[in-house]
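Morning, everyone. I have one structure to show you today, and I'll keep it short. Here it is.

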Amino acid sequence: MKRAISGKAYLCGDNVTAYQIIAQNRWNLGLKEDELGKWAMEGVCPEVLNIENGFKDKGFTIVVGGEDFGGGGKSIEHPIAALQGAGVKLLIADSFSRYSFRNAINRGLPAILCPGITKVVCTNDILEADLVTGNIRNCTTGVEIQGAPLSDLVLGFVEHGGMLAYYRRKHLDVPESIE
Amino acid sequence: MGSTIIEKICSRAAGKQVKVGEIVDVSVDRLFINDFQGPIVFSQFESLNSKTVMNPDRILFGLDHRVPPADVQSANNHRICRQFCTKYGIERFAEIGRHGIGHQLMVEQFTRPGEVALGTDSHATMYGALGALSCGITSSDAAVIMESGKIWLQVPPSIRINVVGKLKTGVTAKDLSLAMIKLAPVNEFIYKAVEIGGECIRDMSVSGRLVIANMAAEMGVKCSVIEADEKTLKFVGCTAEECHLDSPDPDAVYEKVFTLDASSVEPLIACPHNVDNVQEVVQVAGLPVDQVFLGSCTNGRMEDLEQALEILDGRKVCKGVRLLVVPASQTVMLEAVEKGYIEKFIRAGAAIMTPSCASCAGAGAGLIGDEERAVATTNRNFKGRMGSARGEVFLASAYVAAAAAVSGKICDPRDFLKEVAAK
């Protein structure tokens with residue numbers, strides 16, 4: 001299990017909603033990560049619409065959100081799938097909306113709750129996060145900040161590519177271990 | 001350092017002392033699945049290759065969004081759910097005729113204080129009124145609970161709301177819940193546990209507490225909880241030894257503490273198209289009304305019907321207005337029949353509907369048309385929620401709803417209550 005994730009950060013402000021992460025007129029694309037990924041973050045960073053593969057081509061693999069990241073009361077998984085399709089490997093936020101946090105974890109995208117993170121990160125900073133301890137290091141500035149660590153179970157979801165896949169795998173593993 | 005009620009329940013369910021912000025695996029005591037999410041939950045469960053459902057006796061399946069079905073797709077969805085529950089031994093299947101809004105069934109006969117009780121619907125926060133940890137979950141969460149009996153939860157920080165003073169005549173738990181939404185910007189409550197107590201809540205009926213916990217969902221909370229007491233035990237029908245009555249420690253740590261004076265609350269109304277667009281009823285008095293909806297998991301219990309009848313008994317629904325009365329469950333319906341309430345509503349000119357979510361979430365009968373205005377005792381008034389996106393929904397108490405039905409316009413219900421008192 002890869003316990004550390006490092007990459008280039010994109011900083012957004014407070015109250016980025018599910019609708020801004022992936023616009024409502026894209027929801028009919030289904031949960032295809034690659035397709036959704038082309039349109040990810042268009043409501044936050046409109047210039048991605050002028051780039052061939054959108055947000056993905058900007059090379060940000062860590063998104064840092066302010067308060068209530070992914071809010072708007074929607075329980076759908078599309079915003080998280082879109083971020084995954086855009087190559088995002090880690091979310092960190094001052095606070096997450098409840099359903100965006102649950103869906104990130106359930107889809108195997110690590111999400112670290114870290115109040116104060118937006119004060120110590122700028123867009124393009126290189127961050128390194130330890131999923132087990134919750135420690136986040138800004139390699140560009142040298143500042144360290146403590147976030148909420150992920151539990152073993154959640155790390156298992158990340159490793160297997162999501163909660164349902166984790167449980168599916170668990171059942172497949174049973175007969176093998178009997179043999 | 002002491003613990004809040006939610007931290008105590010989380011610790012017990014996780015089998016260890018938990019810390020705020022920590023992600024823990026908790027055992028789930030009660031799971032509610034509705035007909036809206038059921039087919040998705042069941043297909044996700046079957047994709048897990050599990051042969052059996054863990055603890056089927058801890059699951060309640062409620063048909064409530066499309067009851068009875070009015071289109072073939074809904075009928076087929078019900079059929080899928082019925083077959084699945086039979087196959088996997090989920091016996092607590094609320095078949096049509098023994099049905100009700102699932103949240104109401106969860107509190108009437110199932111959830112106990114101190115439990116972890118989750119549901120595939122955002123107003124699952126309601127069971128917190130019984131001193132349980134309760135919140136809404138996604139369909140894949142429900143599938144995993146059926147497979148493993150557990151789910152991951154993040155331990156939320158708690159915010160305390162102390163409600164002091166007494167509610168004035170004609171002011172209800174619904175008005176108080178709308179006052180709470182205005183306590184702070186919605187962002188303050190997101191993902192938090194809101195612990196609600198104080199003398200006003202202690203004096204309040206369990207029915208009123210259910211309104212408060214139900215409406216807390218509109219504050220963006222993860223969960224809301226009210227300390228269980230003798231009233232709670234009587235309501236759920238168990239003894240203190242058969243459940244866990246959790247109190248917050250004196251040195252429990254809250255992120256914030258609010259005090260709300262109940263005696264300062266006036267009859268309130270949430271205006272279109274957001275629940276936090278709260279005004280005093282008198283500020284919008286005089287607006288004509290086309291439909292009045294009395295029901296839902298928020299306000300479809302005996303106490304709500306009684307409040308409405310304080311105004312409606314012996315009066316008539318105004319010409320040009322339709323009043324829909326939807327008791328929250330068959331248990332409520334039967335009691336309302338036995339006490340003669342249903343007859344009084346019919347004599348007043350109301351339409352009685354079978355228990356269900358009806359038009360509250362736009363999934364059932366009772367929709368409003370273009371340019372129509374509804375006063376509803378429900379919990380959401382988003383654009384198009386109760387039918388036409390060109391219609392308007394105002395949320396208020398059973399008193400305000402009944403007064404609107406009689407007068408044909410939004411008005412202060414205390415004008416009618418004074419007449420009642422004068423008689």
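Predicted model: local features only at pLDDT ≥ 70, side-chain atom pairs only at ≥ 80, totals over all residues.

First, the interface. On one side, 21 residues of chain B take part, and they are in contact with 25 residues of chain A. Where do the chain B residues come from? Strand E1 (23-27), helix H2 (38-47) and helix H5 (139-148) of chain B each supply at least two. H5(B) gives the most, with 5 residues. By type, that side of chain B has 8 nonpolar, 8 polar and 5 charged residues.

Next, the cis peptide bonds. One joins Val67(B) and Pro68(B), with omega about -20°. Pro68(B) sits in the loop between strand E3 (59-62) and helix H3 (72-87) of chain B. Another joins Pro272(B) and His273(B), and there omega is about -5°. Look for His273(B) in the loop between strand E12 (268-270) and strand E13 (278-280) of chain B.

Asn55(B) has phi near 50°. Find Asn55(B) in the loop between H2 and E3 of chain B. Tyr191(B) has phi of about 65°, and again this is not a glycine. Its loop runs between helix H6 (173-181) and strand E9 (193-197) of chain B.

Are these two buried or exposed? Asn55(B) counts as partly exposed, because it has 17 C-beta neighbours inside 10 Å. Tyr191(B) has 21 C-beta neighbours inside 10 Å, so it counts as buried. The cut-off for buried is 20 or more.

That's my tour. Over to you.

Methods
Residues numbered from 1 in each chain as written. Chains lettered and ligands numbered in written order. Contact = placed C-beta atoms within 7 Å. Helix = DSSP H or I, 4+ residues; strand = E, 2+ residues; numbered from the N terminus. Nonpolar A, V, L, I, M, F, W, Y, C, P; charged D, E, K, R; others polar. Buried ≥ 20, exposed ≤ 12 C-beta atoms within 10 Å, placed from the backbone.
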